[in-house]
There are 2 protein chains.
Amino acid sequence: MPVNSTPQDSSSESTPGGVFAAALTPLNPDLSINRAALVGHCRWLLENGCDGLAVLGTTGEANSFSVEERIDVLDTVIAGGVPADTLIPGTGCCSIPDTVALTRHAVESGAAGVLMLPPFYYKGVSDDGLFAAYSEVIDRVGDDRLRVYLYHFPQMSATPISYDLIERLLTRYPGVIAGMKDSSGDYANMAGAAKRFPGFGVLSGSDEFLSPLLRDGGVGCITAVANIAGNLAADVYAAWRSNDGTAMDAAQQKLNAVREAACAYPLSAGLKDIMAGHTGDKSWRTVRPPLVALDAAQSAGLAARLEATGHILPPLG
Amino acid sequence: MPVNSTPQDSSSESTPGGVFAAALTPLNPDLSINRAALVGHCRWLLENGCDGLAVLGTTGEANSFSVEERIDVLDTVIAGGVPADTLIPGTGCCSIPDTVALTRHAVESGAAGVLMLPPFYYKGVSDDGLFAAYSEVIDRVGDDRLRVYLYHFPQMSATPISYDLIERLLTRYPGVIAGMKDSSGDYANMAGAAKRFPGFGVLSGSDEFLSPLLRDGGVGCITAVANIAGNLAADVYAAWRSNDGTAMDAAQQKLNAVREAACAYPLSAGLKDIMAGHTGDKSWRTVRPPLVALDAAQSAGLAARLEATGHILPPLG
């Protein structure tokens, strides 16, 4: 993976950066994981612009799977030839034992890091409580190889990650707390975190902030739309690496258009619908409840909007 | 357990009613479950006014435990002499496999029913998606003995249970969908559900609505405060059963005072703090992150407020 080289990064340790897809988890019609499609999808993403994969995030329906299923997803992807060090699996659950089990397994599997939601059932919890939760997990895993990306997604988790919490965790666990995925859609929050915490890798959860955040000291993005347009995000990132602002802005515009089309419909279900069309495999449309597959009208509407952007998905391998 | 006999109940099937404690889960200092204290607490609750126990609800920190730990809680309580048919364990998780595993285990253990949160990670999900989630669980468990209490707690789950959803579930699974715990604090919602769905057992999640809801067709309560004042709630319920409105109102006033004191502090941690004082076992104060134990000032403040109500906890067995 490309190494972060923003001016703000004054730490000696490099933070992995680039374009990460919040990879979809293809299912069989009976809701079980379609392992062959999962491996195929992950490999296709890496061959078409993605530097890495945040499997089992919100887009990947992580919380709709049991701990055993989540372990199976990681094992399946690695066994299928995806390099473990391109992976940042989601491991944050409501319960500490579950988060510890998944995090330990990810570290032992050689994952580049883990994307860790705070425990998200209780609302209005204190930073003291969240600090205790993260500490308990990190201490129990007790492995120097652990790299934690905090997952800030208040609209979904209803449990925001404050700057104070980041600061406390960075102070207590330097080298372990590697960065944050900021899916808040609040640009000031992500840019502010990148500025305030040098060496802390801030990744945008929203495609439209990829180029501004790179310019403001962030290290990349982890997004849902990269499942179908990772090549466009990669163009943004490559232009930034080669210091070509004009090309960067042009690529960002193309990415924004695809994002706008995709976000007009329920995101995970919509992206799966697009993959069903692209692969010709209808079972790709399957989502686990409480998510719902697109109906025929939505499916046609999304396909038309995507086509209008001119974006063509990379051919299957 | 007393049987529901509200005028509104026109169904042939009776719905269990009465006073249920949303039982606390005592922990050891290392955050593991204190099995001996758990059994002792549950037995003490049943000996002092509670008709049943909703173990592993929000108050019982259910979502802070793994599936294996939750199974262990139920097994421990039953092995400790608590009659299985007094239990309504919480079984609703974010993932269908987890909810199925816990629900199946509860049914096979002889539990009176299960208290089922909807999958609560994704926000803004549709009733179609929630219906599909509940259906998938009920169909997979596939056991005629199953009795589901829907858990409506929008402030915590951020996933409300609408009347439309109740209606669809009652139509599809008559006899299985037994009732609802309504912790919304919205009295109109719980009274409205009791009126609209005869035979559907509505239980208040808030102590202060016990007597009004009984008068309006509800069947009882499942509350946190019953951990320390189940005897007062039992007085309300007994007065209702004997049709003594004056006694009912007097008991409700006492219960309200205790509730007000307890709710002035974080609820699970506060109730555990009170039990630490009552039992003399300081480890009772332990909560799992992200919850935080009361500090010394809070502990003293809560004890003083509780003392001012005149409420004395029943002696230990």
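**Exercise 1. Salt bridges in chain B**

Task: In this predicted model, find what joins the side chains of Asp143(B) and Arg145(B), and then work out which elements hold Arg196(B) and Glu167(B).

Solution: Let's begin with the cut-off: a side-chain nitrogen of Lys or Arg has to lie within 4 Å of a carboxyl oxygen of Asp or Glu.

- Step 1. Asp143(B) and Arg145(B) have an N to O distance of 2.7 Å, and their side chains form a salt bridge.
- Step 2. For Arg196(B) and Glu167(B) the N to O distance is 3.0 Å, again a salt bridge.
- Step 3. Now place this second pair: Arg196(B) belongs to helix 7 (residues 187-196) of chain B, while Glu167(B) belongs to helix 6 (residues 163-172) of chain B. The two residues are 29 apart, and the pair links distant parts of the chain.
- Step 4. Counting over all chains with this rule gives 23 salt bridges.

**Exercise 2. The interface of the two chains**

Task: Describe how chain B meets chain A: how many residues are in contact, and how many salt bridges are there between the chains?

- Step 1. On chain B, 41 residues are in contact with 41 residues of chain A.
- Step 2. About 3,100 Å² is buried between the chains, and carbon and sulfur atoms give 66% of that area. Tyr121(B), Tyr122(B) and Pro290(B) supply 26% of what chain B buries against chain A, more than any other three residues.
- Step 3. Between chain B and chain A the salt bridge count is zero. Polar contacts do cross the interface, in twelve residue pairs with both residues at pLDDT 80 or more.
- Step 4. Next, look for the elements that give two or more residues to chain B's side: these are helix 2 (67-79), helix 3 (96-108), helix 4 (127-141) and helix 5 (154-157) of chain B. Helix 4 of chain B provides the largest share, seven residues.
- Step 5. Sorted by class, chain B's side has 22 nonpolar, nine polar and ten charged residues.

**Exercise 3. Two helices that cross in chain A**

Task: Which residues of helix 4 and helix 6 of chain A meet, and at roughly what angle do the axes cross?

Solution: Stay in chain A for this one.

- Step 1. The axes of helix 4 (residues 127-141) and helix 6 (residues 163-172) of chain A come within 10 Å and cross at roughly 30 degrees. The crossing is right-handed.
- Step 2. Helix 4 of chain A brings Asp127(A), Asp128(A), Leu130(A), Phe131(A), Tyr134(A), Ser135(A) and Asp139(A) to this contact. They meet Asp164(A), Leu165(A), Arg168(A), Leu169(A) and Arg172(A) of helix 6 of chain A.
- Step 3. The residues of this contact divide into five nonpolar, one polar and six charged.

**Exercise 4. Backbone exceptions**

- Step 1. In chain A, Pro289(A) and Pro290(A) are joined by a cis peptide bond, with omega about 15 degrees. Pro290(A) sits in the loop between helix 11 (267-279) and helix 12 (296-308) of chain A.
- Step 2. In chain B, the cis bond joins Pro289(B) and Pro290(B), with omega about 15 degrees. The loop between helix 11 (267-279) and helix 12 (296-309) of chain B holds Pro290(B).
- Step 3. Leu56(A) has a positive phi, near 60 degrees. Its place is the loop between strand 2 (52-53) and helix 2 (67-79) of chain A.

Methods: Residues numbered from 1 in each chain as written. Chains lettered and ligands numbered in written order. Predicted model: local features only at pLDDT ≥ 70, side-chain atom pairs only at ≥ 80, totals over all residues. Heavy atoms only, no water. Contact = heavy atoms within 4.5 Å. Buried area = accessible area lost by both parts, 1.4 Å probe. Polar contact = N/O pair within 3.5 Å; in protein donor to acceptor, adjacent residues only side chain to side chain. Helix = DSSP H or I, 4+ residues; strand = E, 2+ residues; numbered from the N terminus. Nonpolar A, V, L, I, M, F, W, Y, C, P; charged D, E, K, R; others polar. Axes fitted to C-alpha atoms, helices over the stretch in contact; angles between N-to-C directions. Left-handed = near helix turned anticlockwise from the far one by under 90°.
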